[in-house]
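Please keep the sequence and the model open beside the text while you go through it.

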Amino acid sequence: MKKRGVKKTLLYTLTSLLAILFLALSVLFFASGAFLPKKYLEPWDKNYAKKFEDPRIRLSAYGLLAANGHNMQPWKIKLDKNDPMVFYLYADSSRMTKEVDPYSRQLMVTQGTFLDYVAVAGRSTGYPVRISLFPKGKYDETNLVKSMNTKPVAKITLEKAAPQFSPLLSTLYLPDTNRDPYKPAKLTEKQITQLEQLSKDPALSVKLYQDKANVSRLGDYAMQGAVIEAGVTRVMQESDRIFRANEYQKNKYRYGYSFEGQGTSGPMMYLMEGLITLFPSMNNDQAASDLFIKSTQTSVDHTPAYAMILSKDNSRESQVKSGMLYSRLTLVAHTLGLAVQPLSQVLEEYPEMKGPYTGIRRDYAANGSTIQMLVRIGQPEKQVPLSMRRDVMDLIRN
């Protein structure tokens, strides 16, 4: 009778614990919005762009998938009312990140990433494009916001032609950034040559580094940049303001940062989203800074090579062209089984970054050239989740 009573008590206790665990998980999953449809991922569906009859909107839907600084997606599209084969790309000044990008250099690079995705999609779907940069003149740097609002970055003119197969088209749908560890294998000489010869413009170049000394030095610069950035409160707060803590916020805003960007997905992501939603203090400034430094260190420790994009000058046109070249580098890298991750902190131009910024330019940017992009590159150990994207119709301004 006694043994039977003990068993009954244990069974009751175990059942109660399981019920509490189930209840706790249910609360966390509900708080995260785990059961909501993921509208913020709709543009990644391969049928998404095809549903738009206007080829200009269709190509813009492909461009929307491009890499962009802080996932702000700072693009505006104006369709030419008089020519159904012309549209204009404007920089969205309402999406500037002034703390981390005070001169809007990254914002302009981001315009270029969009344009190359449009070019790849246009050629592959029967609408090759001609791109004219700053067709209505250069920006007035003393009144930059007004210039962005009134002067297009590019005029895109569509032509009609037979679709041309390109292996790059399918890579548009892959995540542009992989922050996870890469395998230690070096790139082959053939891969290096293919990537370094991507630029057809003598004013732009791609440079690969994978010898021990340069990998170590560039890793040090990347860490210096991360540590400094983590310690600048106003910069970290700018990033915090665009962090989307749960599925409700991701569906509402569809831009900014989320746990996916840190490589977290599936049930673990929902648990973390639920915890942050119920206990917002867990995502305080110190915790965010510590996590940023730790994740950068992990990335640097698992990097076999780095790539740079350099321009001979730092004009707005060169910044945009650098973005186009960066998209091409990313897409071709994907076809080679490689992944990339920008380590841009050390290239940022706010005062606290001056030391390492000056150092890396001294060591790698001779004759006054500008390092527009610094990225780690290698074979990924695993694929990472896709990030949020807005609906393409939200980009259209007429």
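**Notes on the predicted model**

1. M268 counts as partly exposed, since its relative accessibility is 48%, where partly exposed covers the range between buried (under 20% relative accessible area) and exposed (over 50%), found with a 1.4 Å probe and with protein chains only. M268 belongs to helix α10, which covers residues 266-278; here helices (H or I, at least four residues) and strands (E, at least two) are DSSP runs, numbered from the N terminus. Between M268 and G337, which are 69 residues apart in sequence, the C-alpha to C-alpha distance is 27 Å.

2. Before going further, please note that this is a predicted model, in which local features need pLDDT of at least 70 and side-chain atom pairs count only at pLDDT 80 or more, whereas totals for chains, interfaces and linings use all residues. Residues are numbered from 1 along each chain as its sequence is written, and side-chain values use heavy atoms, with hydrogens and water left out.

3. Turning to the chain as a whole, its secondary structure amounts to 13 helices and eight strands. The radius of gyration of the chain is 23 Å, close to the 21 Å that the globule rule gives for 398 residues, so the chain is as compact as a globular protein of that length; the radius is taken over C-alpha atoms, and the rule is 2.2 Å times the number of residues to the power 0.38. The C-alpha trace spans about 90 × 50 × 45 Å along its principal axes.

4. How much of the chain counts as buried? The share is 54% of the 398 residues. The chain also exposes about 18900 Å², of which carbon and sulfur atoms supply 58%; such areas come from the Shrake-Rupley method with a 1.4 Å probe, and for residues only the protein chains shown count as cover. If we take contacts (heavy atoms within 4.5 Å) between residues at least 6 apart in sequence, 79% of them join residues at least 24 apart.

5. T370 is 61 residues away from I309 in sequence, yet their C-alpha atoms are 8.5 Å apart in space. When neighbours within four places in sequence are left aside, the contacts of I309 include S205, V206, L325, T370 and I371.

6. S199 sits in the loop between α6 (189-196) and β5, and with a relative accessible area of 18% it is buried. A polar atom of the S199 side chain lies 3.0 Å from the backbone oxygen of D201. Apart from neighbours within four places in sequence, S199 is in contact with L204, S205 and L325.

7. Which residue supplies the backbone nitrogen that the side chain of Q210 reaches? That residue is L187, and the distance is 2.8 Å. Q210 is placed in the loop between β5 (204-209) and α7 (212-231) and is buried, at a relative accessible area of 16%. Setting aside residues up to four places away in sequence, Q210 touches K186, L187, I192, V215, P304 and A305.

8. F134 has a phi near 45 degrees, a positive value in a residue other than glycine; F134 is in the loop between β3 (129-133) and α4 (144-150) and counts as buried at 10% relative accessibility. R254 is likewise not a glycine, and its phi is positive at about 65 degrees; R254 lies in the loop between α9 (247-253) and α10 and is buried, with a relative accessible area of 9%.

9. Finally, please compare two helix residues. K294, in helix α11 (residues 285-301), counts as exposed at 60% relative accessibility, and its C-alpha atom is separated by 9.4 Å from that of A226, which is 68 residues apart from K294 along the chain. R217, in helix α7, is partly exposed, with a relative accessible area of 37%. Not counting residues up to four places away in sequence, R217 touches D363 and Y364, while the C-alpha atoms of R217 and G378, 161 residues apart in sequence, are 17 Å apart in space.

Technical notes. Polar contact = N/O pair within 3.5 Å; in protein donor to acceptor, adjacent residues only side chain to side chain.
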